[in-house]
Each structure stands twice: as structure tokens, then as C-alpha cells.
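Colleague: I would like to learn how to read the charged pairs, the sheet and the core of a model such as this one. Could we take the features in turn, with the general idea ahead of each case?

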Amino acid sequence: MRGTVDSFPFTRFKSRRRSVYGVEQPSCEVLEQERRLVLERFDEGVAFEIGCAIHKRASVEAFEIVVDIRTFDRQLIFASTAGTSVDNTGWVRRKANAVRHFLQSSYRLTLEHQSGDRSFAKEWALDVSDYVLAGGGFPVSVKNAGVVGSITVSGLEEDLDHAIIVDALCDWLRIPRDELAFHGQGRRYPMTS
């Protein structure tokens with residue numbers, strides 16, 4: 001099933017509160033992913049390798065996605081697979097802005113601040129044209145430096161956009177994917193080399 005989430009090996013959440021396995025929302029698990037997925041260093045070469053791994057996987061598995069990796073002052077890599085549109089570019093920009101503003105994953109933000117229209121609470125004064133509550137933006141954290149940028153994916157369901165990034169970082173850091181998978185999430189397909 002070309003490019004459909006049905007062919008994707010991860011849990012699809014029926015709602016943001018309960019997964020298909022009946023497990024409470026995984027914001028604590030996302031927090032653990034953020035805590036453990038910390039790089040020793042981050043530069044253009046690291047961004048390129050992680051971005052290429054995500055793009056290669058998307059190409060092999062026929063996922064229609066865009067991947068954007070950036071520091072907070074500039075874009076380091078942007079790549080897309082066939083079937084994406086300018087809309088995906090807008091989504092990655094808005095997700096990356098949310099990561100930059102809150103220094104946490106956009107999926108955790110979405111789980112913790114659910115909003116039907118995907119906007120942030122009015123008291124935060126974050127314009128919906130620049131910020132969105134949608135999974136798929138993940139902070140790039142560097143040991144002894146903190147959050148320095150983001151990796152963002154758009155094109156699949158938000159938990160799957162998030163999971164692709166988590167898998168790529170697990171592979172880069174040589175952390176077994178199962179250690180950071182959502183409860184009940186069977187990860188059957190390894191990242192292609």
C-alpha cells in the first residue's frame with residue numbers, strides 16, 4: 001500500500017488520549033525520548049546523515065514526507081519525497097517554530113495541550129500561521145549545550161512523523177528502538193542502511 005499509514009508498522013492513535021492498545025497518552029514516554037535522545041555533537045555533517053537516513057527510509061517505504069533539519073539560526077537540510085506539496089513545507093516550518101519556542105517535541109506539546117483547531121492557547125499569543133500543535137517536530141539536543149535546533153517531518157499522521165524521527169535518532173545513537181518505543185508499539189521494520 002504505497003505511502004499509506006496502514007503499511008506503517010507503528011501504532012496509530014485513535015485519539016490523543018488513548019492509543020489503540022488502550023494505554024494512556026504517551027506524553028511521559030515522549031518526555032523520556034527527549035531526555036535520552038541527546039547527541040554528543042551536532043553539525044552540518046550529522047544533520048546531513050540523519051536527514052539522508054530519514055529520506056532513504058521514506059523513499060524505500062514509499063512515504064510521502066518532507067524532512068527539515070535546522071539549528072535555530074539556519075536550515076541545514078531539507079528534503080522531500082515524491083507526492084509532497086508546499087503544504088508540507090508550511091507544516092514543518094510551523095512545527096519547527098513550536099519546538100524552538102518551547103524547546104520540546106511538537107508531539108508532546110500536542111498531547112499536553114490538545115486543541116481542536118491545532119492552535120495554542122490565546123494567552124500565549126502564538127499566531128496559528130506561525131505555530132501549530134501537531135506532532136513531527138523533535139528537539140535536537142546536544143550534551144552540555146541543550147536544545148540547539150530541530151528535526152521535523154511532515155506527511156504522515158503526527159505520531160508517525162514523530163516516530164520516524166525517534167527511530168532515526170535511536171539508530172544514530174545506537175539505542176535499540178524498542179527501548180524508546182511507545183508502550184505496545186511493535187517496530188517491525190528496521191531503518192534501511
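Modeller: Let us begin with the term itself: a salt bridge is counted when a side-chain nitrogen of Lys or Arg lies within 4 Å of a carboxyl oxygen of Asp or Glu. The general idea is that side chains of opposite charge can pair when their charged atoms come close. Please keep in mind throughout that this is a predicted model.

Colleague: With that cut-off, which residue forms a salt bridge with E44, and how many Å apart are the closest N and O atoms?

Modeller: The partner of E44 is R74, and the closest N and O atoms of this salt bridge are 2.2 Å apart. Because R74 lies in strand β3 and E44 in helix α2, the pair ties together parts that are 30 residues apart in sequence. R74 is partly exposed at 41% relative accessibility, and E44 is likewise partly exposed, with a relative accessible area of 42%.

Colleague: How many salt bridges does a search of the whole structure find?

Modeller: The search finds 14 salt bridges. Among them is the one in which the side chains of E40 and K143 meet, at 4.0 Å from N to O. Since E40 lies in the loop between β1 and α2, and K143 in the loop between β4 and β5, this pair ties together parts that are 103 residues apart in sequence. E40 is exposed, with a relative accessible area of 60%, whereas K143, at 47%, is partly exposed.

Colleague: Where does the salt bridge between D130 and R93 sit in the chain?

Modeller: D130 is in the loop between α4 and β4, while R93 is in helix α3, so that distant parts of the chain, 37 residues apart, are linked. The closest N and O atoms of D130 and R93 are 3.0 Å apart. There is also a network of salt bridges, in which R57, E61, D167, D171 and R177 are linked.

Colleague: Which residues of the largest nonpolar core touch the most other members?

Modeller: For a core, one asks which members make the contacts and which elements supply them. In the largest nonpolar core, which has 29 residues, the members that touch the most others are L37, F42, I50, I54, I69, I151 and L169. Helix α5 gives the largest share of this core, seven residues. Beyond four places in sequence, the residues that I69 touches include F42, I50, I77 and S150.

Colleague: Is S150 buried or exposed?

Modeller: S150, which lies in strand β5, is buried, because its relative accessible area is 1%, and buried means under 20%. Among the residues that S150 touches beyond four places in sequence are D68, I69, A96, V99 and F138.

Terms used
Residues are numbered from 1 along each chain as its sequence is written. This is a predicted model: local features need pLDDT of at least 70, side-chain atom pairs count only at pLDDT 80 or more; totals for chains, interfaces and linings use all residues. Side-chain values use heavy atoms; hydrogens and water are left out. A nonpolar core is a set of buried Ala, Val, Leu, Ile, Met, Phe, Trp, Tyr and Cys residues joined through side-chain atoms within 4.5 Å. Buried means under 20% relative accessible area, exposed over 50%, partly exposed in between (1.4 Å probe, protein chains only). Helices (H or I, at least four residues) and strands (E, at least two) are DSSP runs, numbered from the N terminus. Contact means heavy atoms within 4.5 Å.
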